[in-house]
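These are my notes from one sitting with the model.

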Amino acid sequence: MSFRSPSQNNAVSADDVSDDSSSEARASLDDGPLPLPRDHSYLISSHPLTRGSHNGETLHATGGRIRIFDLAVLELFGVVLFPGSTIPVKLRDRSLIEYLGRQIALCRELPHLQSEVKIGILAYKANQGDRGQGSLIGRIGTVATIRYTHERTDIGSESLSNSNVWRRYQDGSELVFTAVGTHRIKILSTSQHQDIGASKVFVVQQLRDDSLRLPPIPRFFASPPEQLSSDQHGSEVKTTELRHSYRAWCLSMITPVPYFVFKSKSPWKLVSELAEKLRSSNGRNHLPSLGDIKSEIIADPTRFSFWCASNMPFRESDRLSLLEASSTYERLRTISNKVKELESRERRICCSRCKSRLSSVENVFTVGGAEGATSAYVNDHGYIHQITTLRQVDEEEIFLHGPPSTENSYFPGYSWTICYCLSCAGLLGWMFRLAGANDQIGKDRPKSFFGFMSSNVVISETVNSDSDDE
């Protein structure tokens, strides 16, 4: 593929990459089944740290207890991690490698003493002023529990549980792992932990993120007033509303909370409305295509609120506000209002530097096998990207640089090419194109798509001027 520079007027689209230029990339792929993007197969060999399967959506319940503990914290630029989402990390900080490496070795050798290894993830705030350790006090972050370590080894997996593991971390220059967000935390103060220093370890409080489950509802309660007043059972349109009314009525009968509160302020009602909109959008009504939503996520308003906050194309400041929301209902209500704003008019995805209009929210979608429409990936240099995937972009507003490559591709089976904004030459992300000659093309596996870093784009309205950019 030939290069195009910002000085050239014609931009490059995904289909401009010739078949000849990608033949080498195709030849490097075998005919076997490809790993899924959420497996992060571009990292070196994976070794489970905790027993049992991992679905990437675990939430830890507090059980009504206030938990306060010491935790090493990473502040990351352009990354807002929600409980239930996965994050890959490449650590090169010597003190952190030794601190976590010792815990990982103990977890493998004596799991009854060290059942899991955790690290705190905090979003970087550019306008924070003082960058000292005290500036993080009071901030809200997310605990990430390490599920897999990634390391080359010539020994069997059984040997990963012996003392050689610790020596490898102690002598190594890098610690690579994938972790899943499990619950939110609030930073209370610095810690005087001697192994790593107070600059990286903090005293944190675990916040209440318990799953919301409906209590058992007896069947002998009478129907709510509006259901008694009219026969609406034959109306398919009213089925969902009647179900909410009956649930609210039953809850009001077994709790001190009035019926109208449950009926108008129920988190399950908001979940049902949001799930219906997102399931049926498929790129219509100015909404993104987020794919199938698992029933177990919809059944729990807390998990659903975090899932929406992580996958919807919101500004980074909005995502931070959602992470800091004091309750599940507040988070769902904010998400519902923002979805209504998206429905009201078409919103464009723009370059964060020059505000050039690149695509629309309707083009946001979930690639098959990815964790969501916005997912985190890490490059060779340890930089973590939260990437939002788009079906199409305005090819006159971008240019591609360099030949396509399948090396360390975030999306197995796809080659990648670096993508820049044509107006300001700012880095946007990558164009991904199927590299296999016989790969099957589908709705969630298109011939080509784009992955833009969430920190490098913003959302704006098409009908107004640039002064209205968000």
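I looked up H40 and found it in the loop between α1 (23–27) and β1; helices (H or I, at least four residues) and strands (E, at least two) are DSSP runs, numbered from the N terminus. The model is predicted, so I took local features only at pLDDT of at least 70 and side-chain atom pairs only at pLDDT 80 or more, while totals for chains, interfaces and linings use all residues. Residues are numbered from 1 along each chain as its sequence is written, and side-chain values use heavy atoms, with hydrogens and water left out.

**Positive phi**

Most residues other than glycine have a negative phi. H40 is not a glycine, yet its phi is positive, about 55°. H40 is buried, at 5% relative accessible area (buried is under 20%, exposed over 50%, partly exposed in between, with a 1.4 Å probe and protein chains only). I noted K355 as well, with a positive phi near 65°. K355 sits in the loop between β8 (347–351) and β9 (357–360) and is partly exposed at 26%.

**Salt bridges**

My search for salt bridges returned 14 in the structure; the criterion is a side-chain nitrogen of Lys or Arg within 4 Å of a carboxyl oxygen of Asp or Glu.

I checked E116 and K118, whose side chains meet at 3.4 Å, N to O. E116 is partly exposed at 22%, whereas K118 is buried at 13%. K118 also lies over the face of F69, 5.7 Å from the ring centre; for this, NZ of Lys or CZ of Arg must be within 6 Å of the ring centre and within 35 degrees of the ring normal.

Next I took K125 and E324, which form a salt bridge at 3.7 Å, N to O. K125 belongs to the loop between β4 (118–123) and β5 (140–150) and E324 to helix α10 (residues 316–324), so this pair ties together parts that are 199 residues apart in sequence. K125 is partly exposed at 25%, and E324 is partly exposed at 32%.

I then found D318 bridged to R315, with the closest N and O atoms 3.1 Å apart. D318 is buried at 10%, while R315 is partly exposed at 29%. R315, D318 and K338 are linked in a network of salt bridges.

**Helix α11**

K338 is among the buried residues of α11, which also include Y329, R331 and L342. I compared the span of α11 (residues 328–344, 17 residues) with expectation: at 1.5 Å a residue it should be 24 Å, and the end C-alpha atoms are 24 Å apart, which agrees. The expected span is 1.5 Å times one less than the number of residues.

**Rings**

I counted aromatic pairs over the whole structure and got 15. Rings of Phe, Tyr and Trp (its six-membered ring) pair if their centres lie within 6.5 Å; planes under 30 degrees apart are stacked, over 60 edge-to-face, the rest tilted. F304 and W307 are a stacked pair, 6.2 Å centre to centre with 20° between the planes. Both are in helix α9 (residues 301–311), three residues apart, about one turn. Both F304 and W307 are buried. I also noted one aromatic cluster whose members include Y42, F365, W430 and F449.
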